[in-house]
Amino acid sequence: PQTKYLKDYLTPAYLVDQVELDFYLSPTATQVASTLALRLNPDRNGVIEPLVLDGEHLQLVAVEVDGVSLEPADYQCDDVSLTIPAPPAQLTVHIITRIDPLNNTALEGLYQSNGIFCTQCEPEGFRKITYYPDRPDVLAPFRVRIEGEPADCPVLLSNGNLVDQGVLDDGRHFACWEDPFPKPSYLFALVAGNLVCLEDHFITLSERRVLLQIFVEERNRNDCDFAMESLKKAMKWEEQVYGLEYDLDRYMIVAVDDFNMGAMENKGLNVFNSKYVLARPETATDNDYLGIEAVIAHEYFHNWTGNRVTCRDWFQLSLKEGLTVLRDQQFSADMQSAAVKRIDDVALLRQYQFPEDAGPMAHPVRPESYVEINNFYTTTIYNKGAEVIRMLETLLGRERFVEGVRLYLKRHDGQAATCEDFVAALEQAGEVDLTRFRRWYTQAGTPEVQVVCHYDCATQTFTLDCQQSCPATPGQPDKEPFHLPLVMGLLGHDGTDLALQLASDEAPGGTSRVLELTQSRQQFSFVGVQEQPVLSLLRGFSAPVRLTMEDRPEDLAFRMAYDSDPFNRWEAGQQLSVAELLQLYRQQLEGQLSTGLSQVFVDAWGVVLTDNEADESLLARMLQLPSEQYLADQLDEVDPQRIRAVREQALRHLLSVHREKLLQCYDRYSSAGEYSLNPVAVGRRRLVHGCLSLLMLEPDELLQDRCLRHYQQAGNMTDRLAAFAALVDCRQSPLRDQVKEDFYRQWKHYPLLLDKWFSTLASGRHENTFFEIERLLLHPDFTLSNPNRARSLLGAFAQNLAVFHRQDGNGYRLLTEQIRRLDKRNPQVAARMATPLTRWKRLEPQRRALLREELVALQQENLSRDLYEIVNKSLV
Ligand code: HT7
Ligand code: ZN
């Protein structure tokens, strides 16, 4: 397969002035008639070039140029394109193709999900529908006519406004849609099927009425209220914070069960994985609700950051994705507990993006090359991309940042832009120099920052000596220093924030500062510091770096109790935990007698557990020990089973000391009541479930019964699933099989909950989980055809580190075998699911060899381009 390079970017040879598409729907032989008004790009100065249209898996029926039908000798057609060698400078091309939606298992282009026709065109799916210059910098207005059987497809949808509809003599019916906003082909959408529609409306800032419609299958008609409310909240929030209004008269969302990712922002017609639309308390957990709120907002926000201003090429993907993730994070922070949202976002970044940045697929936020663009919808593009823009917000302040975003949107409205365009607009609005900052777009890897502090009592000066470096990543052995905003404060002995005065300031001002680290080494001195302070650095995780400071455990415990920045309160606790757990790990590894957790840590943890004042969500997060993945990330040679053993040893230690307090906390908050998603209710449930899962590590019969009651009497899925997960881990108890059967029986007809059944069982912590997973693969409800189902079992399995990384290598064999099969049906999902296989380099030698063997075997086979790229790069 070929590698594509950013440096090879060329403007399109032909522009498209108008697209007309006629669809004659049929499950196995849909006919697509396309009429394109094209003209030579004026930047070619009249020098004619061949017209090359992208197309894959198409059956070509006919081609005409300016009304004259072409003979096969007049054009060239291969597996990936249709070329007209010397066309006129202005021409109308008419092309008829035939496609097979029913057998489209890759779920790209036009496919069927439960009998519903739907499309997924980003990034390169449109070329599987018809021949077209399928690249994001070719923008055109689309007019679409869809014809289908009214019995199978009563609903016929496409982008924009409905301009005509009717019934034909032969009984078929049609609908015509017109999208006035020129758009790239990746934003095209078509949906047709037997769907019901839930309606509402939104009045915009300028008092326009927008029709809001959510289309779902009949069985789901009662599960859309939360999605609709989230949409209205997102519309209002974007007006209030960014001053941006929706631009069409109607906004449609369709939910389908078979979808490769979360959702897709097609202009005016979003297509969603039903997981991110459907919710009611009995079927969706708190996290499902929060996911829906975030994804609905994310796709809506794309209307400006992605659709009105799109990307010039796919190397610029983070231009729309990083910015839109940041905006959905800001929105969710305003809707929920902002501190906990930030903690969750950082935890996610560390759990997935940091390992990516340290692994074989590490790439800059703006990559320089790719083999398969589908592989670059990564956590680096999305989440690190959002962190990069968040740093711009920190450097500019919210007001100027919003001004900069608005300037960027105004300047490039209706255009395809680059990351550089974005940075230039922010630089101008913020009146700052972002020369060094731009390195965030070109250099991969997570920077490491080391800080050493010194307090000089005689001069009352507190100095931070900061150094930064960045590890080598594939193709980038050496890095230049990054521009890092370090938000900080100093805590006095009573835990209050001290007023800050840098040596260069005239007077003290404020208790929180942004220090800008732009060199590999820099010092910052604060004067007038009357006592030895405790430094609180990187507040709110103001830069995506690994920070090392020689914190004493007492200082961490102090910050855990007093830091005014809630993120850093949590972070101090995490650092303490990491240090404790790594010490236990090393003791085990070296065969030393374990000292257990330190008293300082056990006491500090107990203080959090009995804190009656702080936000319960924050407390719940503070009580969680760092994940196994995060711990693995701190080690040079990883033994995942040892990590699990050590983490469980620590949990049992905490349980043995604090059992009574855990029971009290569980009792205090586990009152039933009407389900609500307000942050206090969510926080209490998190706390209760944290206590329950810890208590259930060593459950007596009484506790098992309580857990069973918790499961049976739960008024919502959040409570039910937490108890289910705890019981699933009670291997010796007959209750385990009882609830396993009960959950299945109750929810076997509800796919999203059957997914949870599979994933909860695959996340089990006991030794037999692996054999259970083997059995589940043969379960009649397991299928690789549905991405959610495949992820629910295989994704959960691969994240269950101690089970996946069995010492005998059978975990690797099992996953590789399933990926092989999946690759034949759906390469995009197969490649994504192969990520855990690529993390072999830092495993201990025996597992490393076993995993590598599987990869080498896979590499010899006939793989899709998607999987080939992942496997190949991971072996370099
Ligand atoms: N912009 C979308 C990215 C996407 C996608 C969505 C569904 C299926 C396949 C896909 N490939 C790329 C989703 C988003 O970021 O909003
Ligand atoms: Zn997106």
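Two strands are taken to pair if DSSP finds at least two bridges between them. Helices (H or I, at least four residues) and strands (E, at least two) are DSSP runs, numbered from the N terminus. The structure described here is a predicted model, in which local features need pLDDT of at least 70 and side-chain atom pairs count only at pLDDT 80 or more, while totals for chains, interfaces and linings use all residues. Residues are numbered from 1 along each chain as its sequence is written, and chains are lettered from A and ligands numbered from 1 in the order in which they are written.

The protein chain is split into five parts: domain 1 (1–102 + 140–185), domain 2 (310–442), domain 3 (448–534), domain 4 (545–698) and domain 5 (748–876), with bounds that come from an automatic or database domain assignment. Between the C-alpha centres of domain 1 and domain 5 there is a distance of 38 Å. An unreviewed UniProt entry annotates residues 226–439 as "domain: Peptidase M1 membrane alanine aminopeptidase"; such positions are given in the numbering used here, feature names are shortened, and annotations may be inferred rather than shown by experiment. In the model, residues 226–439 are 55% helix and 9% strand, and their end C-alpha atoms are 41 Å apart.

Two sheets can be followed strand by strand. Strands of a sheet pair through backbone hydrogen bonds, either parallel or antiparallel. One open sheet has 5 strands in the order β17-β18-β19-β21-β20, with mixed pairing. Its edge strands, β17 (196–203) and β20 (263–264), each pair on one side only. β17 runs antiparallel to β18 (residues 209–216) over 8 bridges, and here L198 faces I214 in β18.

The other open sheet, also with mixed pairing, orders its 4 strands as β29-β26-β25-β31. Strand β26 (residues 461–469) pairs with β29 in the antiparallel sense over 6 bridges, with C466 opposite Q522 in β29.
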